[in-house]
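Load the model in your viewer and keep the selection panel open.

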Amino acid sequence: MNPTPYDLVIIGSGPAGATVGRFAAEAGLSVLLVDKKQELGAPIQCSGAVSRHALEDVGLALDEEYILEPIYGFAIYDQVGNATKIDYRKLKADEYGDGPDRKPLGYVVDRRRFDRYCMTQAERAGVETWLKTEGLGYTPKADGRCDVHLRRFNEEITVNCKVLVGADGLMSQVGKWAGLQTHIKITELAGCLQFIVDKVETEGLLEIITGHEWAPGGYAWVFPKGHGYAEIGLGVIPTMTDKPARWHLDKFIKQSFFKERFKDSRILEIQGGGVPLAAPLRTQYADNLVLVGDAARHVNPITGGGIHTALSGGKIAAEFLIDHFASPNATDCSAAMMKGYQDNWLEELGDKMWKLYHTKTKVFHQEDIPTRDAYLYQTMSDYFDPNSEYKKV
Amino acid sequence: MSKPQPVLFQIGWNACINCGACVAICPQEAGFISPFDTIAVDRPCDIACLLCESICPVDTITHVLSQQSGSSEF
């Protein structure tokens, strides 16, 4: 009836959850990692861009199993098509490129394969993994541990553990179970849509198109997607438009300065998602509970990028828990103790994310559209500048 | 402002891309979700903020006024 107790139960096997699991298991903790899906990463809700160092920092091999295409820089466009190009193949030719001893700046990954790869590495490190298993709730117990209630292939199972890790993404329910303030403001959640397309040329750069005309409250993008494909997408803030993202994407493809470039494009796949351009959660822990990744809103509020922050945050959470279970306070997993995770996270990553949030907020508080457009273009260009203080986020 | 009337959401499944944005923006308590990872469609929503309708990238969420006044069988 009741299976073996674990040190950790992790709900959600995305990059964040699988990274917590992998590091924890490598350190000898017993870990159960569950995901309600039958196929990780699907349906894809992400463009898949991630920097190389984000992968290397958490010890993930740069494996062709999940890499779709290497990236060497950025191109930031204003709304009429003027561009700031930041191509590391030109800026630092001895370091970046596709030749021998040269490396890419980052990659566009296939999230189905990437998420599975992350789970595989966790599983090989000793994590027990259950698919088709959803979380129903959790109950902190008097002995300092907690029960996690799961449903696996329609069977209800209760598993006992020391700490539950909520890694259940933007739709996170785990934080709500603990009564945490997880609500995202409508002004800070971008409704995003992207098409994987054939017959659109790319040149190894992440292209970011700013301007209220194309993506009110967000930006549009054209990313290389491997095998000669590209992805064209955008995110919009609902309070800044009365049209859905799909309408804006159609307009961007047919009417923007890229309309000639896009005219033969053929849609191969349709993907969408919500991307929080918000601050991290103020409280990312509770009794016997920590939140990681999108569930903790560990998303870069300027770019909407969340893979790097999920991986890094996952590692920080695992390291905190490993240390905690080895400390004299090991049996105390109350909120007061779990706060240590958030403190570590703020120091390593979070304070920077808060700063980015304030930068982003200043842009979108500009009421005048041309002023805001110019400000966003400048902010994006500065952010991706090689001398930016933020290149690590 | 008058109290909003409870609504029952309807999803045009043909257009739904399972992106989860509606659940992400939903201020309801945990579990107001359909088996297809959208906001719940089998019980009334008494908040009726309609944020899910405005975030939907493919504009496929609508609602009707709920007959019952917020009570549900669940």
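Axes here are lines fitted to C-alpha atoms, for helices over the stretch in contact, and angles run from 0 to 180 degrees between N-to-C directions. Helices (H or I, at least four residues) and strands (E, at least two) are DSSP runs, numbered from the N terminus. The model is predicted: local features need pLDDT of at least 70, side-chain atom pairs count only at pLDDT 80 or more, and totals for chains, interfaces and linings use all residues. Residues are numbered from 1 along each chain as its sequence is written, while chains are lettered from A and ligands numbered from 1 in the order in which they are written.

**Stop 1: a helix pair**

Select residues 335-364 of chain A, helix α9, together with residues 369-383, helix α10. Their axes come within 8 Å and cross at roughly 155°. The two helices, α9(A) and α10(A), are therefore roughly antiparallel to each other; angles under 35 degrees count as roughly parallel, over 145 as roughly antiparallel, 65 to 115 as roughly perpendicular and the rest as oblique.

Now show the side chains of A:Thr359, A:Val363 and A:Phe364 in α9(A), which meet A:Arg372, A:Tyr375, A:Leu376 and A:Thr379 in α10(A). Contact means that the C-beta atoms of two residues, placed from the backbone, lie within 7 Å. The residues of this contact divide into four nonpolar, two polar and one charged. Ala, Val, Leu, Ile, Met, Phe, Trp, Tyr, Cys and Pro count as nonpolar, Asp, Glu, Lys and Arg as charged, and the others, Gly among them, as polar.

**Stop 2: loop residues**

Go to A:Pro43, in the loop between β2 (31-34) and β3 (49-51) of chain A. The peptide bond from A:Ala42 to A:Pro43 is cis, with omega near -10°.

Next, select A:Lys132, in the loop between β8 (128-130) and β9 (133-140) of chain A. Its phi is near 50°, a positive value in a residue other than glycine.

A:Lys199 sits in the loop between β12 (189-198) and β13 (205-209) of chain A. A:Lys199 is not a glycine either, yet has a positive phi of about 65°.

**Stop 3: the domains**

Colour domain 1 (6-40 + 111-183 + 279-361) and domain 2 (67-109 + 185-277) of chain A; these bounds come from an automatic or database domain assignment. The centres of domain 1 and domain 2, taken over C-alpha atoms, are separated by 30 Å. Eight residues of domain 1 are in contact with seven residues of domain 2.
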